Every structure is written in C-alpha cells, then in structure tokens.
Amino acid sequence: MRVLLVEDEPAAAQVLAKGLREQSYAVDVAGDGDAALFQVGTTDYDAVILDVMLPLKDGFAVCRAIRASGCAVPILMVTARDAVEARIEGLDSGADDYLVKPFDFGELLARLRALIRRGRQPLLPERLTVGTLVLDTRGRRVRVRNRAVLLTAKEYALLEYLARRAGDVVSRGDIAEHVWDEHYDPLSNVVDVYVQRLRRKLDAPASPSMIRTRRGEGYQLSAEGEPS
C-alpha cells in the first residue's frame with residue numbers, strides 16, 4: 001500500500017515514515033500543503049496521513065482541495081489540536097478519521113488499516129485466501145500448504161497487492177505505483193527480482209508457479225492447479 005505522509009517537522013516525518021515502511025507501506029513525504037496537493041494530483045495513493053499545521057496551506061485547506069478535485073483517497077488527519085471544534089472542522093473538510101497528538105503508533109496503524117479496508121479499494125478482509133496461500137492481513141503473516149513463510153516487509157507488500165488482485169493480470173507499473181515509493185526507477189528490474197524471491201519461497205518443487213508471468217503485460221497470482 002502506498003501512503004502519502006504530510007508532515008512539516010523533518011524529525012517527526014522521518015520517524016513516522018521509517019515506522020510505516022517497517023510495516024510494509026511504501027511512503028512518500030510532503031513537507032507543506034502545496035507539495036501535498038501536487039503529489040496527490042500526480043500519484044494514486046491508498047491513503048493520506050495529513051497534519052493540520054502546515055506551511056503554505058494548512059491541513060484543512062489541503063483536505064478541502066483534495067475533495068473538491070473529486071479525489072476520494074482515504075485521509076487520516078493528525079494534529080495536536082484536540083478541541084472538539086478542530087475535530088469537527090477536520091471531518092467537515094473531508095477527512096475520514098482524526099487522530100490527536102501525541103498518539104500511540106499502534107493506534108495510527110490500526111486507523112490506517114481501517115481506512116484502507118473501507119477506502120476506494122474493495123473491503124480488505126483480515127484473511128486473504130488464494131488456493132493453498134493464506135495471508136493474515138492484520139498480523140502480516142503468510143502460510144502456504146499449511147507452512148509458515150517468512151517474508152520481508154517489501155515481499156509481503158508485493159504479495160498482498162497481488163493477492164488483492166488475484167486472477168487479474170497486474171502490470172509492473174501498477175505494482176510499482178502501489179508497492180514502491182517515489183524513488184522507484186522505472187528502468188529498474190526490482191519488481192521482477194522481488195517476484196522471483198516470492199516464487200522461491202512460495203512454490204512447491206516441480207510445480208507451476210503461483211505467480212505467472214504474462215509477457216508484455218505483467219504478473220498474475222493464481223491458485224495452484226488453476227489453468228494459466
């Protein structure tokens with residue numbers, strides 16, 4: 001899942017971005033309101049974490065502008081302003097949820113998961129099953145043929161995205177858009193490298209891969225034994 005973090009304090013942004021990346025999120029960072037609007041206008045995000053106190057445009061103005069553009073990306077507004085009036089203004093501006101600083105990082109993650117589950121994508125269940133492959137989306141754990149599979153954060157993020165689109169052919173560009181951040185090099189073969197890593201960890205010996213290559217199109221996750 002790709003997230004835009006809008007935070008003008010560099011130290012806070014660095015800590016939050018690091019924590020989110022450790023939880024399998026691809027994270028872009030914007031330091032002011034204008035930068036946030038530019039990035040939302042040019043990138044398909046799964047969620048936005050939006051601070052209220054920002055340079056150039058505050059979070060309320062940014063939120064209103066995002067909604068006025070017709071963009072329905074889930075927005076979690078974060079601020080130290082805990083007055084009821086501030087929370088009402090944030091929600092009325094178009095935010096989907098509101099979190100008051102200081103907050104527990106675990107609560108931020110839980111609220112973010114909830115927003116993404118009920119956001120623009122179809123509802124993401126706590127368990128995704130594709131044949132013998134089972135993903136626990138809350139615990140970010142994976143089992144295949146009743147065997148636990150240890151994945152890195154990025155491997156898990158790629159597998160979950162493919163599992164959400166199981167049966168569809170997903171292009172490399174689409175994968176990069178949602179699993180990698182703004183530093184992704186379109187000329188890189190990193191998507192292919194990570195697909196190969198997943199195949200080595202998931203596939204049974206001498207069996208067709210669960211992740212099929214569609215030449216010129218992308219990749220398709222299918223249950224074992226399904227026709228290609």
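This is a predicted model: local features need pLDDT of at least 70, side-chain atom pairs count only at pLDDT 80 or more; totals for chains, interfaces and linings use all residues.

Colleague: At what angle do H1 and H5 pack?

Modeller: About 60 degrees, with the axes 12 Å apart. H1 is residues 10–22 and H5 is residues 105–117. Helices are DSSP runs of H or I, at least four residues, numbered from the N terminus. Axes are lines fitted to C-alpha atoms over the stretch in contact, and angles run from 0 to 180 degrees between N-to-C directions.

Colleague: What does that make H1 relative to H5?

Modeller: Oblique. That word covers what is left after under 35 degrees (roughly parallel), over 145 (roughly antiparallel) and 65 to 115 (roughly perpendicular).

Colleague: Which residues make the contact?

Modeller: Leu-16, Gly-19 and Leu-20 from H1. H5 brings Phe-105, Leu-108, Leu-109 and Leu-112. Contact means heavy atoms within 4.5 Å. By class, the contact of H1 with H5 has six nonpolar residues, one polar and no charged.

Colleague: And how do H6 and H8 cross?

Modeller: At roughly 90 degrees, with axes coming within 10 Å. H6 and H8 are therefore roughly perpendicular. Among the contact residues are Lys-154 and Glu-155 of H6, and Arg-197 and Lys-201 of H8. The contact of H6 with H8 has six nonpolar, no polar and four charged residues.

Colleague: New topic. Which residues touch the most others in the largest nonpolar core?

Modeller: Tyr-25, Leu-133, Ile-175 and Leu-221, out of 50 residues. Helix H6 (residues 153–164) gives the most to this core, seven residues. A nonpolar core is a set of buried Ala, Val, Leu, Ile, Met, Phe, Trp, Tyr and Cys residues joined through side-chain atoms within 4.5 Å. There is also a second, separate core of 21 residues, including Ala-30 and Cys-63.

Colleague: What does Tyr-25 contact?

Modeller: Beyond neighbours within four places in sequence, its contacts include Met-1, Leu-109, Leu-112 and Arg-113.

Colleague: Is Arg-113 buried or exposed?

Modeller: Arg-113 counts as buried, because its relative accessibility is 17%. Buried means under 20% relative accessible area, exposed over 50%, partly exposed in between (1.4 Å probe, protein chains only). Arg-113 lies in H5. Leaving out residues up to four places away in sequence, Arg-113 touches Tyr-25, Thr-137, Arg-138 and Arg-140.

Terms used. Residues are numbered from 1 along each chain as its sequence is written. Side-chain values use heavy atoms; hydrogens and water are left out. Helices (H or I, at least four residues) and strands (E, at least two) are DSSP runs, numbered from the N terminus. Ala, Val, Leu, Ile, Met, Phe, Trp, Tyr, Cys and Pro count as nonpolar, Asp, Glu, Lys and Arg as charged, and the others, Gly among them, as polar.
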